[in-house]
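Subject: Structure handover

Hello,

Here is the structure I promised to pass on. Please open it first, then read the notes below it.

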Amino acid sequence: MPHIIIEHSSGLENSHDLQALCDDLWEKFANHASVTAPDTVRTRTIAATASRIGVEPQSFAHATLLLLPGRSDAVRTDLAQLTLDTLQAHLPDVGSLTVRLDAIEQPYLKRML
């Protein structure tokens with residue numbers, strides 16, 4: 001049930017194909033050996049309405065990777081690196097690319113059709 005939420009500089013949606021980024025991340029996670037239910041993988045982007053970072057160019061993409069507990073440190077590191085590598089492939093000219101992992105604690109509730 002990985003969720004990948006990518007916060008990014010406003011305007012990146014005009015200069016980069018963020019749907020292709022979401023699709024690529026979804027495919028890579030859905031096919032990862034640690035993901036047993038590909039239909040639970042979620043990717044999305046959120047534009048920041050204002051930002052300031054300490055590097056030039058003044059652009060960023062930050063991925064928060066939400067995982068249920070239980071994956072080994074090696075798998076967590078692999079998923080984080082996979083995310084960073086995919087960001088780099090799709091956003092090579094963006095000033096700052098970062099990835100943070102966070103655990104989703106129980107109860108985690110969902111409804112799907």
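Contact here means heavy atoms within 4.5 Å. This is a predicted model, in which local features need pLDDT of at least 70 and side-chain atom pairs count only at pLDDT 80 or more, while totals for chains, interfaces and linings use all residues. Residues are numbered from 1 along each chain as its sequence is written, and side-chain values use heavy atoms, with hydrogens and water left out.

Let's start with one residue. H3 touches T40, R42, R44, T64, L65, L66 and Y108, leaving aside residues up to four places away in sequence. H3 sits in strand 1 (residues 3-9). Helices (H or I, at least four residues) and strands (E, at least two) are DSSP runs, numbered from the N terminus.

Is H3 buried or exposed? Buried means under 20% relative accessible area, exposed means over 50%, and partly exposed lies in between (1.4 Å probe, protein chains only). H3 has a relative accessible area of 11%, so it is buried.

Now the sheet. Two strands pair if DSSP finds at least two bridges between them. 4 strands form an open sheet with mixed pairing, in the order 2-1-3-4. Strand 2 (42-48) and strand 4 are the edge strands, and each pairs on one side only. From one strand to the next, the twist averages 20°. Axes are lines fitted to C-alpha atoms (for helices, over the stretch in contact), and angles run from 0 to 180 degrees between N-to-C directions.

Which way do the neighbours of strand 3 run? Strand 1 and strand 3 run antiparallel, joined by 6 bridges. Within that pairing, E7 has H62 as its bridge partner, and I5 has T64. Strand 3 and strand 4 (residues 96-103) run parallel, joined by 8 bridges. There, L67 has A103 as its bridge partner.

Why is strand 3 largely enclosed by the rest of the structure? Strand 3 (residues 60-67) is largely enclosed because 8 of its 8 residues are buried. Both faces are covered: F60, H62, T64 and L66 lie on one side, with A61, A63, L65 and L67 on the other.

Last, the helices. Helix 2 (residues 18-30) lies across strand 1, strand 2 and strand 3, at about 150° to strand 2. Helix 3 packs on the sheet and touches strand 1, strand 3 and strand 4. The direction of helix 3 makes about 150° with that of strand 4.

Best wishes
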